[in-house]
Amino acid sequence: MSTSTVRRPPMNLTPRWRKLVLVVHVVSSVGWLGITLVNAVLTFISVFTGDPRLQHAAILMMDRIGEYLLLPVSLIALVSGLVLGVGTKWGLIRYKWVAIKLVLTLIAVGLTLFSLLPGLRELAALTESTMDGVFVEMGRRPDGFYPIIVSTTMYLTMTVLSVYKPGGKTPYGRRVTTRRDRVPQSAGQTRRL
């Protein structure tokens with residue numbers, strides 16, 4: 001048999017490393033949801049407060065949270081999820097629930113990086129240029145809740161997928177399992193009759 005046809009077994013994390021990466025993944029994912037919920041409260045204050053100074057503070061706090069926490073936490077959740085996928089039996093695209101989580105996470109990181117953070121920076125710059133005692137009209141719009149609704153729905157969906165693991169294997173996962181089951185026994189092993 002040529003060496004090009006021999007398939008290596010998937011890389012497996014040791015139990016200690018798997019648990020460590022799993023803790024990092026769960027903490028960063030819960031942190032990502034927590035940051036989103038904090039931003040929901042700050043958005044609520046920004047839209048509905050009667051005090052312009054409080055509105056300014058809420059907007060500037062959302063910008064700081066986004067700048068210092070949101071992107072790093074989302075990237076840690078993504079990378080730790082990739083490590084778990086590559087280093088465990090679940091793989092990245094062997095099971096439907098993992099593949100869906102991967103796609104949702106990539107979308108969420110992309111939206112954070114290319115839409116949410118630039119929007120927060122723009123709103124913060126507008127707030128800094130607005131006089132004290134004057135509302136920032138852009139910060140009073142209820143459409144600021146849309147990103148929160150979308151991201152919270154995505155994070156809760158990913159949580160449900162992680163707990164229930166629905167859908168079974170993908171076609172790729174079934175092929176890999178079938179191939180692995182068909183691999184002939186090594187020459188050193190004998191079959192018992």
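1. Ser74 touches Trp32, Val109 and Thr112, leaving aside residues up to four places away in sequence; contact here means heavy atoms within 4.5 Å. Ser74 sits in helix α2, and helices are DSSP runs (H or I, at least four residues) numbered from the N terminus. With 0% relative accessibility, Ser74 counts as buried, that is, under 20% relative accessible area with a 1.4 Å probe and protein chains only. Its side chain also reaches the backbone oxygen of Leu71 at 2.8 Å.

2. A word on the basis: this is a predicted model, where local features need pLDDT of at least 70 and side-chain atom pairs count only at pLDDT 80 or more, while totals for chains, interfaces and linings use all residues. Numbering runs from 1 along each chain as its sequence is written, and side-chain values use heavy atoms, with hydrogens and water left out.

3. Tyr155 deserves a look of its own: beyond residues up to four places away in sequence, Tyr155 touches Trp32, Leu33, Thr36 and Ala108.

4. Finally, please view α3 around Thr112, where the helix bends by about 40°, the angle between axes fitted to the seven residues ending there and the seven starting there.

Definitions and conventions. Helix = DSSP H or I, 4+ residues; strand = E, 2+ residues; numbered from the N terminus. Buried < 20%, exposed > 50% of the residue type's maximum accessible area, 1.4 Å probe, protein only. Polar contact = N/O pair within 3.5 Å; in protein donor to acceptor, adjacent residues only side chain to side chain.
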